[in-house]
Amino acid sequence: MDLPASHPLAAEAPPSGDFVRPAIPVLAAGLVATALLAGLKAATPVTGKPVSIEPAPQIVNFANKASRLETHAAVVAAKDPEPAAIGEGAAETKSPAVRGKATYGVASYYWQGTRTANGERFNPQDMTAAHRTLPFGTRVRVTSLETGRSVTVRINDRGPFVGGRTVDISRGAAQSIGMIDRGVTKVKLDVIE
């Protein structure tokens with residue numbers, strides 16, 4: 001049915017873009033309001049007590065390419081240890097490892113280097129280790145939780161410098177506890193002296 005041009009219903013319809021443009025601010029305001037309401041519902045109620053929010057631990061794969069065993073360890077940011085007063089017989093830094101109290105962590109091994117942090121020449125076959133905080137000369141029993149084998153090492157270096165690891169032992173010590181093929185292993189550390 002064709003209507004004459006003078007008929008009011010025969011007027012040309014406006015382009016479709018003219019309907020959308022006025023609706024954009026309304027839609028945007030609705031989206032912002034929805035986001036704000038969702039954020040308010042998800043927020044924790046104020047209790048007056050301070051709340052500590054810690055990041056979720058990251059899982060890092062420490063497996064070697066040729067390894068059949070994949071070892072995962074949680075990596076969590078921690079504050080650096082505060083140095084203690086250095087004097088005769090004083091520990092170089094405060095350490096969570098205490099004689100008679102076992103600590104657990106991840107051990108790796110190293111075989112390269114020329115000098116250790118205490119000035120000794122590095123020998124990969126010696127029963128030595130690197131620890132971040134234990135004083136040089138401390139003897140530590142390192143027990144692999146996977147093989148059950150133990151070795152006593154002397155701390156003569158600083159490290160490890162890879163997050164999530166507790167101790168770096170020499171290649172000779174790593175062979176003693178059967179971790180050469182793994183590269184890293186979960187261990188128990190006992191300070192002996």
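## A tour of the barrel

Select Thr116. Setting aside neighbours within four places in sequence, Thr116 is in contact with Phe122, Asn156 and Asp157; contact means heavy atoms within 4.5 Å. This is a predicted model, in which local features need pLDDT of at least 70 and side-chain atom pairs count only at pLDDT 80 or more, while totals for chains, interfaces and linings use all residues. Residues are numbered from 1 along each chain as its sequence is written, and side-chain values use heavy atoms, with hydrogens and water left out.

Stay on Thr116. Is this residue buried or exposed? Thr116 counts as buried, at 7% relative accessibility. Buried means under 20% relative accessible area, exposed means over 50%, and partly exposed is in between (1.4 Å probe, protein chains only). Thr116 lies in the loop between strand 3 and strand 4. Helices (H or I, at least four residues) and strands (E, at least two) are DSSP runs, numbered from the N terminus.

**The barrel**

Six of them close into a barrel, in the order 3-7-4-6-5-8, with mixed pairing. Two strands count as paired if DSSP finds at least two bridges between them. On average, neighbouring strands of this sheet are turned by 45° against each other, direction ignored. Axes here are lines fitted to C-alpha atoms, for helices over the stretch in contact, and angles run from 0 to 180 degrees between N-to-C directions.

**Strand 3 and its two partners**

Select residues 103-110. This is strand 3, and seven of its eight residues are buried.

Gly105 faces Val187. Val106 stands opposite Lys186. Click on Lys186: it is partly exposed, with a relative accessible area of 39%. The C-alpha atoms of Lys186 and Gly105 are separated by 5.8 Å, with the two residues 81 apart along the chain.

Ala107 has Val167 as its bridge partner. Tyr110 stands opposite Ser170.

**Strand 7, both faces**

In a regular strand the side chains alternate between the two faces of the sheet. Show the side chains of strand 7. Val167 and Ile169 are on one side, Asp168 and Ser170 are on the other, and all are buried. Strand 7 also joins strand 4, by three bridges in the antiparallel sense. Ala129 has Ile169 as its bridge partner there.

**The core**

Which residues touch the most other members of the largest nonpolar core? They are Val140, Val142, Val153, Val167 and Ile169, out of 18 residues. At least two core residues come from each of strand 3, strand 5 (139-144), strand 6 (150-157), strand 7, helix 2 (171-177) and strand 8. A nonpolar core is a set of buried Ala, Val, Leu, Ile, Met, Phe, Trp, Tyr and Cys residues joined through side-chain atoms within 4.5 Å.

Zoom in on Val167. Not counting residues up to four places away in sequence, Val167 touches Val106, Ala107, Ser108, Ala129, Ala130, Pro160, Val187 and Leu189.

**Aromatic rings**

How many aromatic pairs does a search of the whole structure find? There are two. Rings of Phe, Tyr and Trp (its six-membered ring) pair if their centres lie within 6.5 Å; planes under 30 degrees apart count as stacked, over 60 as edge-to-face and the rest as tilted.

Select Tyr109 and Trp111. This pair is tilted, at 5.7 Å centre to centre and 40° between the planes. Tyr109 counts as buried, at 15% relative accessibility. Trp111 is partly exposed, at 44%.

Move to Tyr110 and Phe122. Their ring centres are 4.9 Å apart and their planes are at 15°, so the pair is stacked. This pair links distant parts of the chain, 12 residues apart: Tyr110 is in strand 3, and Phe122 is in the loop between strand 3 and strand 4 (128-131). Both residues are buried.

**Last stops**

Select Arg158 and Phe136. The charged end of Arg158 sits over the ring of Phe136, 4.3 Å from its centre. A charge sits over a ring if NZ of Lys or CZ of Arg is within 6 Å of the ring centre and within 35 degrees of the ring normal.

Finish on Gly159 and Pro160. A cis peptide bond joins them, with omega about -5°. Pro160 is in the loop between strand 6 and strand 7.
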